[in-house]
Amino acid sequence: MTSTILAPQSELWSPAQTAEYLGLATGTLANWRYQGKHLRYVKVGNSIRYEPTVVMKFKRDGIRHGTGEES
């Protein structure tokens with residue numbers, strides 16, 4: 001079994017920080033979590049946190065050079 005070592009909690013982003021970085025509403029992130037789409041997240045107690053490197057990669061991977069490009 002493999003395991004992933006995550007950044008310390010202080011280095012994880014809150015939904016508000018993540019939404020601000022992506023230019024989205026926090027409600028969008030909540031909907032994505034509910035639907036199991038797009039971004040992995042970490043549950044720490046009752047708190048939701050995101051790994052900045054995962055969020056940054058998600059944003060980078062969304063960059064397109066034209067409307068004809070596939071997702």
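This is a predicted model: local features need pLDDT of at least 70, side-chain atom pairs count only at pLDDT 80 or more; totals for chains, interfaces and linings use all residues.

A salt bridge joins the side chains of Arg40 and Glu51, with a nitrogen-to-oxygen distance of 3.7 Å. Arg40 belongs to the loop between α2 and β1 (42–44), and Glu51 to the loop between β2 (47–49) and α3, so the pair ties together parts that are 11 residues apart in sequence.

**Salt bridges**

- The count of salt bridges comes to 2.
- Glu51, by contrast, is buried, because its relative accessible area of 14% is under 20%.
- Lys57 and Asp61 also meet through their side chains in a salt bridge, at 2.6 Å from N to O.
- Both Lys57 and Asp61 lie in helix α3, where they are 4 residues apart, about one turn of the helix.
- Lys57 is partly exposed at a relative accessible area of 44%, and Asp61 is likewise partly exposed at 43%.

**The nonpolar core**

- In soluble globular proteins, nonpolar side chains tend to be buried together.
- The largest nonpolar core here has 10 residues: Trp13, Ala19, Leu22, Leu29, Trp32, Leu39, Ile48, Tyr50, Val54 and Val55.
- Trp13, one of the core residues, has contacts beyond four places in sequence with Thr18, Tyr21, Ile48, Arg49, Tyr50, Pro52, Val55 and Met56.

**Packing of α1 against α2**

- The axes of α1 and α2 are 8 Å apart and form an angle of about 110°.
- This angle falls between 65 and 115 degrees, and the two helices, α1 and α2, are therefore roughly perpendicular to each other.
- The contact between α1 and α2 is made up of 5 nonpolar residues, 2 polar residues and 1 charged residue.
- On the side of α1, the residues that take part are Pro15, Ala16, Thr18, Ala19 and Leu22, and they meet Thr26, Leu29 and Arg33 of α2.

**Residues in and before α1**

- Ser14 is located in the segment before α1.
- With a relative accessibility of 17%, Ser14 counts as buried.
- Apart from neighbours within four places in sequence, Ser14 is in contact with Ile48, Arg49 and Tyr50.
- Thr18 is part of helix α1 and is buried, its relative accessible area being 0%.
- Beyond four places in sequence, Thr18 touches Trp13, Leu29, Leu39, Tyr50 and Val55, residues that are listed in the largest nonpolar core.
- Tyr21 also has its place in helix α1, but Tyr21 is partly exposed, with a relative accessible area of 31%.
- Once neighbours within four places in sequence are set aside, the contacts of Tyr21 are Trp13, Val55, Met56 and Lys59.
- Although Tyr21 and Val55 are 34 residues apart along the chain, their C-alpha atoms are separated by 8.5 Å.

How values were computed: Residues are numbered from 1 along each chain as its sequence is written. Side-chain values use heavy atoms; hydrogens and water are left out. A nonpolar core is a set of buried Ala, Val, Leu, Ile, Met, Phe, Trp, Tyr and Cys residues joined through side-chain atoms within 4.5 Å. Buried means under 20% relative accessible area, exposed over 50%, partly exposed in between (1.4 Å probe, protein chains only). Contact means heavy atoms within 4.5 Å. Axes are lines fitted to C-alpha atoms, for helices over the stretch in contact, and angles run from 0 to 180 degrees between N-to-C directions. Angles under 35 degrees count as roughly parallel, over 145 as roughly antiparallel, 65 to 115 as roughly perpendicular and the rest as oblique. Ala, Val, Leu, Ile, Met, Phe, Trp, Tyr, Cys and Pro count as nonpolar, Asp, Glu, Lys and Arg as charged, and the others, Gly among them, as polar. A salt bridge is a side-chain nitrogen of Lys or Arg within 4 Å of a carboxyl oxygen of Asp or Glu.
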